[in-house]
Each structure stands twice: as C-alpha cells, then as structure tokens.
Amino acid sequence: MNLCSNLPLADPSLPNLGSSYVLSSLKTIHLDGHFNFDNIYHAANDFGNRHHYLPSAILHPKSVSDISSTIKHIFEMGPATELTIAARGHGHSVQGQAQAHRGVVVNMESLQAPKTIVHTGKMPYADVSGGELWINILHESLKHGLAPKSWTDYLHLTVGGTLSNAGISGQAFRHGPQINNVYQLEVVTGKGDIITCSETQNADLFYGVLGGLGQFGIITRARISLEPAPKMVKWIRVLYSEFSIFSKDQEHLISFKNSFDYIEGFVIINRTGLLNTWRSSFNPGEPLQASQFNSDGRTLYCLEMAKYFNPDETHIVNQVIESLLSELSYIPSTLFLSEVPYVDFLDRVHVSEIKLRAKGLWEVPHPWLNLLIPKSRIHDFAKEVFGNILRDTGNGPILIYPVNKSKWNNRTSLVTPQEDIFYLVAFLSSAVPSSTGTDGLEHILTQNERILDFCEGARLGMKQYLPHYSTQDKWQAHFGPKWEVFVKRKSTYDPLAILAPGQRIFQKATSFSWSRILA
Ligand code: FAD
C-alpha cells in the first residue's frame, strides 16, 4: 500500500505527545459507540483507489455526543499532537478527501440516530442523519409520497458527503444543487460544539458548511426539502453530431419553467458499438431509421432528458414531450425512449455498479476530473478537448450539461464560474490496473493534466468541482474572492485545523497563524 504522507508541520518548540499516549487517551473517552484500532485498513481507501492514508483509529459513533466528545478531546490536547479527524461518508471520494493519516476516521454510517423522519404538510421535509445514504432517504420519503428535489446521479452516497461538495445532477438547472435544498443542519465544529444552523440561525456556519469540503464541522443531521414524488419517468435520449446545436438545445431546455424535469448529456467519441447497448432498454422512435443509423466513429453528443409523471397523466405528458421535442434539432432517426419507475430512474447507476462489481471492475482506480466551465467558453473547451485532446471515450462516460447559476445560492462555500450559465463536465474514467496503454492510469492522468493545462492557458474561467489541489496557493486561486471568508471561517470553527485533513487545504499546524495565511 502506498501510504502517502499529509503530516502536519511540527513545531519543535512544543512538546509532542507520543502516539501511544495519544491513542490510549482516546480509550478514556466515554462513548455510546466505540473505537476500532485494528480493523482500520478500509479507511485508507476510497472510490478513487489511488490515495491511501492509514488512520490510527476509526470511531463508530452511536450518538452525536460521541463525535462531539472525540473532537473536544482532540481539540483540548491542543497543538501538541498531530491527531486530525475526518468524517467518512460512503468513502466515494476519489482523492483521499475522507482519509486522515494517523488520525481518527469517523464512520458516519454508524450514526443511525436520528432515524429519518418525514414531515408532511405544505413545505414537506425530512430530518436525516448526516451519515444516511440518499437511497435510504428516497425509500423512506416515498412511503409518504414525497422525495427530495435535487439529486446526484448515484444514490449510494451520504448526505454529509454530498452536502460538503454540492450534489449536482440533471435536476440542478431547476432546483440548484443539493446544498440549495437544505433547510437546517446540525454540525459538530472543530472545537466539539454541537450547533444547529440554518438561513436564519448561525447562518455563517450554515453557508460555510454547505460546499465547505468538511472544513468547518461534521454534519450530523440535515433537514432536506421534499416535493411530491412522481411514480414514473419518461426517459429520452437523442443524438447530435454538431456540438453547437447540441449545446444550443440544452441551453434552450434549461431556460424555461415547463421544460423537462431532468436534463443532462454526454459525449461519444469513436465508439461504434455504444448505441447497440442502449437498444436493450430504450426503444427507438423510428425503429427502421434508427436501425440504419451508423455513427461511423463520429463524435456524437447525446442529450438526455426525463419527464416525471403519474400513470393517469400519460396522455398529457406525451403531448408535452412531443411539443418539447419539436423545438429541438437532433438527428431525427436518433430518438430513443424509455419508461421506467421513478425509483429505477434515480437509482440507475446502481445497476451499472452491480454489473461492474460482478466483473471486478468497480474497485479499479478512478482518476475522475469534474469541471465547471462558463457558457461563453464551452465551445472553445469542446473544440480542444473533444476534438483534439481525447481520442475516444472508451475509459468511461463524459457528462456535459448546463445549469442556471440563478438557482444556486452564492452564499455557500461552493465555488462556481462567474457567469449566469455554466456547464458541468465530468470525465468519469476507470483505469485498467497495471495497464500501460491508453486505458491505464498514467495515460488518463496525463490526459487530465492536458485538459487542466488547456483550461488554464486559455483562461476559460473554469472551476474544479470536487476540487483537488496540492498547494495552498492553488486553493487560494480556486476560492478567489471567497478565500478570505473561507479562512476566517476555518479560524472560527476549526482553529486547530483538525477536520477533514484529506482535502489538503489546511494542515494541522502547531504554530501557524491565521493572519499569515490571510496575508
Ligand atoms: P466521502 O467520500 O466519505 O467524504 C467526502 C468529503 O466530505 C470528505 O472530505 C469527508 O471528510 C467529508 N464528509 C463526509 N461526511 C461528512 C459529514 N457528515 N460532515 C462533514 N463532512 C463530511 N457528485 C455529484 O455532485 N453528482 C453526481 O452525480 C455524483 N455521482 C457520483 C457517482 C459515483 C459512482 C461516485 C463514486 C461519486 C459521485 N459523486 C457525485 C461525487 C460524490 O458526491 C462525492 O464524492 C461525495 O463526497 C461522496 O459522498 P460520500 O458520502 O462517499 O463522501
């Protein structure tokens, strides 16, 4: 195992408490749950399968006070120890963000309390544990005919994990990301304080934590906004061979109220057989023409749309879809339709997970790259990246879809491009272990670097989503005008920089001064 180091800067003038003393001191904390000091290796891995930082202990909390007591204990030890603490949701980060080298990892899924409670009424919501998986929240809220409004493409992620980033999917153009669909949080800060926060109560902490990369506190409870859940989904795919027409149609669809309920898209480069795999689950609008369609290895752009409905509305929803499709300029023979239950639509990636796991292809390295590109530069980006840097999309899907910034609350810690409309572009690559070819890790990482270099050189105004940087200067550049507030919040809520060390923004330092960082 490659155990990289993210060790803090030690100040030789301060006494350093020995690691065995520190660990045995953890055993003195009164807990409802327990620590594990032996079975810790899985916490040194994540979905990315590239970064491995071994912790000293895993906390399996049974209560919020377990988390608070542990953080307080570490905080009160002060700068004399290197001990840090990382909440681990479902460990689906790709660059060690939920790991803590020689620190304590909090297994958030052990925190079962409070149980998900759904509140019906005019403004329905669910109170959920920060360690709850979105798939479980979906099932629980569906019992009341309700569901959250904004999703990720994959639901086996925790509330705390996605709210620390943003939670973006095809509903974000309308509802904003998941961080915009939360009424209230309970947070344990880096000093061990348990604080309830919302738009009107401790708002600075509330907005700081949303998109805050775990830097200001551990989310132990969240109040998630719900809406009436539909039963069924019309799921539609159409193809384009011109990027400009594809993106124009996408931008058109996100611009008005009665549009589709979900809008995404993806790129297909040099993939002749791909359409055949759809045909098992999607029906062509015009079977004969569709069967004759041949991509000839061209670069294609697939617009993916969904409209929610209940069975008694089938007739009307068909009319609405027909009208919406008539406004689009896709290649006519490439209309593919499917009708699936709402749950199956939302949980669609899990089906792929099961298949990939069966083939041993889920636990491979995932050198993912997620970018937010301003609308005004998306054509430059597409031309260079899809037309020049990438030769094919055989290593995994590349998603691309626009969202409206007006639906995104600018007060959160999330950093986005300046413009009103920007695109999420997600390169979701899987690497074949030990391959040295174009499907190998090195090749994909080099390609990622070329994409990042192009964005920087061409000054696209790109921002990374699920960001990862190796120096504080780069973090500062990422946050731009938000950096000062971010650092101030860190000094207020986690002054010893104990939390989420795997993000590598701040190091638990024994002698750093906040004024130096702000200077
Ligand atoms: P972890 O990886 O466990 O943690 C992520 C970070 O949050 C860490 O820094 C951790 O310390 C911190 N953290 C975890 N829990 C808490 C908490 N309770 N309080 C405070 N901090 C906490 N993202 C999207 O936006 N849209 C998508 O469609 C999407 N699809 C994905 C599909 C797959 C297959 C995968 C693997 C990831 C996808 N993601 C997507 C990315 C995903 O949202 C992030 O990786 C997210 O962090 C994973 O959640 P997790 O529960 O596994 O968090």
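**Exercise 1.** In what order do the 4 strands of the open sheet lie?

Solution. This is a predicted model: local features need pLDDT of at least 70, side-chain atom pairs count only at pLDDT 80 or more, and totals for chains, interfaces and linings use all residues. Residues are numbered from 1 along each chain as its sequence is written, and side-chain values use heavy atoms, without hydrogens and water.

- Read the order: β1-β2-β4-β3, with mixed pairing. Strands are DSSP runs (E, at least two residues), numbered from the N terminus. Two strands pair if DSSP finds at least two bridges between them.
- Find the edges: β1 (34–36) and β3 each pair on one side only.
- Now take β3 and β4 (residues 104–107): they run parallel, joined by 4 bridges. Here I85 stands opposite V104 of β4.

**Exercise 2.** Identify the residues that come nearest to the ligand.

Solution. The shell holds 33 residues, each with a heavy atom within 4 Å of the ligand.

- Pick the nearest: A87, G89, S93, T158 and Y465.
- Check polar contacts (pairs of N or O atoms within 3.5 Å). A backbone N or O atom of I168 sits 2.7 Å from a ligand nitrogen. For H90, a backbone N or O atom is 3.0 Å from a ligand oxygen. In N165, a side-chain N or O atom lies 3.0 Å from an oxygen of the ligand.

Note on methods:
Polar contact = N/O pair within 3.5 Å; in protein donor to acceptor, adjacent residues only side chain to side chain.
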